[in-house]
Amino acid sequence: MASRPGLFTEWPWQRLGNFKYLVLAPWSLHSLYLALSKERKELDLTYLIILPSLLLRMLHNQVWISLARFQNARSKNRIVDKSIEFEQVDRERNWDDQIIFNGILFYLGYFYIPGATNLPVWRTDGALLMALLHMGPVEFLYYWFHRALHHHFLYSRYHSHHHASVVTEPITSVIHPFAEHVVYFLLFSIPMVTTIVTRRASILALLGYVAYIDLMNNMGHCNFELVPKWLFTVFPPLKYLMYTPSFHSLHHTQFRTNYSLFMPFYDYIYSTMDKSSDDLYKRSLKGKEEVPDVVHLTHLTTLQSIYHLRIGFASLASKPYNSKMPILLMWPVAWTSMLLTWIYSSSFTVERNGFKKIKMQTWAIPRFKFQYGLPNERDAINDLIEKAILEAEDKGVKVLTLELLNQANELNGNGELYLHKYQNLRLRIVDGSSLAAAVVLNSIPPETKKVALCGNLSKVAYRVASVLCQRCVEVMMTRKREYYMLKSQIPESIAGYLLLSNNHNTQVWLVGDGLEDVEQRSAPKGTLFVPYSSFPPKKVRKDCTYCTTPAMKIPDTVENMHSCENWLPRRVMSASRVAGIVHALEGWDSHECGDKTQDIDKMWSTALRHGFLPLFGISPDLSN
């Protein structure tokens with residue numbers, strides 16, 4: 001929102017939420033009806049193409065969003081190296097409003113502008129006229145309108161909303177108040193309407209012009225330099241006819257320079273070009289290699305989780321993951337992504353963050369959760385993890401954390417496999433089990449005298465049970481096999497506090513993977529479920545409280561946090577991820593994987609000292 005919102009700031013359908021797409025329903029349904037009921041000769045392609053073109057524009061913009069986020073997480077050609085936060089993602093959530101608005105006007109134009117029906121597929125003279133009208137009136141009028149928007153009266157009421165994003169993303173280009181978009185459409189309609197009324201318009205020329213606008217808008221705000229230098233060497237005048245991402249980025253950082261739309265020649269004519277434009281372009285194109293101190297190695301979970309990645313849908317990634325998200329129409333893409341994971345043979349960068357002196361990246365293994373359970377996939381997955389470890393080692397990474405099933409005991413012995421294979425690793429491998437155990441222990445109410453332990457055992461479960469027995473807290477189990485496995489690992493002097501029982505008459509349950517619904521239903525009303533596994537249990541009971549998986553709130557000074565880590569709330573990190581950061585900050589020279597552990601109290605107190613805070617039973621809100 002602008003600092004002092006003016007008239008017609010709000011979009012007309014803003015209060016409709018996701019139902020806003022219904023405003024296009026009458027025309028969309030009508031075009032579908034005609035396509036299905038009329039003979040081919042009776043159909044007007046001009047009318048029928050409007051709806052598919054709107055869908056393609058959304059796809060085009062989404063491709064740019066994913067590409068920019070992927071490149072800005074890994075590329076050395078990043079232009080503005082500052083933080084993006086949740087506030088910006090929320091502000092830019094309505095990037096598709098302008099496509100809906102354009103769609104309405106395209107449909108109205110079809111019915112009410114003379115000559116807008118039955119257009120030919122292509123006309124060269126119309127395409128040339130459209131290009132000339134854009135270079136002349138559109139660029140000229142936009143330049144001066146843009147300068148007017150930077151007058152304090154209009155800037156505070158309208159344009160400040162767009163400039164609230166100093167670090168731009170492709171969709172930042174279309175984040176404006178409604179009134180601004182009305183003027184922009186009037187400007188862009190000059191070439192389109194002129195060619196229509198002069199009977200020189202064509203379908204491909206109109207579609208191409210709109211695609212050109214989207215392409216240049218997205219490119220100019222992508223925050224990484226991608227325009228090769230040889231283009232300007234081969235054709236020097238191109239620097240006056242096409243801006244670069246770094247050129248427009250200066251407008252967002254300096255505000256009073258580089259006002260041009262897509263063609264900078266008016267900035268040259270009126271001496272408003274930033275003098276550092278060429279230098280920033282060269283520096284951004286050359287780039288600067290960045291070596292992370294900490295790499296967090298995770299993997300995909302469900303098929304739908306591909307959309308929840310930071311490089312997926314920005315609005316979904318900014319909320320805790322919910323496997324029941326209504327994205328059934330996207331299942332074909334989800335299945336396609338699954339097939340691609342069988343082919344892709346390397347981890348990929350998902351996110352980068354900063355905290356104090358530490359630079360962090362999140363890498364993802366291109367495998368889904370169900371693939372980790374396939375026996376014939378284990379060697380391939382271990383190879384991918386091993387490849388990521390060696391890549392991090394070559395880059396000079398200090399700490400690599402194993403998240404989710406990348407540290408599974410049945411897969412690699414909680415990471416022990418890699419230590420045996422590469423005994424001279426300079427980087428330290430961390431599974432975060434000590435901090436995870438600390439989080440679980442500190443989520444249990446202090447007055448608790450007995451707890452139930454349910455689910456498959458893990459390294460964290462062993463440590464939690466051992467500490468509780470040392471504290472004279474009874475740990476009750478119903479599964480005989482797990483009971484005897486755990487009892488063999490606990491000193492005999494405290495093993496009496498580990499009990500095998502058919503009745504869990506306690507309101508604190510420590511739960512892991514493999515927890516069955518029938519077990520949850522046997523819990524007393526008001527039971528506190530505290531997960532010790534990396535995956536949350538299915539919420540069967542509405543009369544009980546479910547904690548998150550082991551995690552901690554992060555300090556406000558952690559940078560570039562604008563996506564949620566799986567099902568965790570905003571600005572919350574998993575215990576393993578936090579543990580890796582703490583290891584790097586403290587400079588600890590020891591691994592924490594396999595049988596190797598850290599002191600639980602030391603890990604907890606050190607994490608608190610660095611500003612990480614406990615959640616104490618805060619459960620993610622999945623209602624959004």
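The protein chain carries 27 helices and 14 strands, taken as DSSP runs numbered from the N terminus (H or I of at least four residues for helices, E of at least two for strands). This is a predicted model, so to speak: local features need pLDDT of at least 70, side-chain atom pairs count only at pLDDT 80 or more, and totals for chains, interfaces and linings use all residues. Residues are numbered from 1 along each chain as its sequence is written, and side-chain values use heavy atoms, with hydrogens and water left out.

Along its principal axes, the C-alpha trace spans about 95 × 55 × 50 Å. Of the 624 residues, 56% are buried (under 20% relative accessible area; exposed is over 50% and partly exposed in between, with a 1.4 Å probe and protein chains only). For contacts (heavy atoms within 4.5 Å) with a separation of 6 or more, 72% link residues 24 or more positions apart.

A few residues are worth a look. Threonine 9 sits in the segment before helix H1 (25–37) and counts as buried because its relative accessibility is 12%. The threonine 9 side chain reaches the backbone oxygen of glycine 6 at 2.7 Å, a polar contact (N or O atoms within 3.5 Å, one able to donate a hydrogen and the other to accept it; residues adjacent in sequence count only if both atoms are side-chain atoms).

Two non-glycine residues have positive phi. Phenylalanine 255, with phi near 75 degrees, falls in the loop between helices H12 (245–254) and H13 (265–269). Asparagine 560 has phi near 65 degrees and is buried, at 5%.
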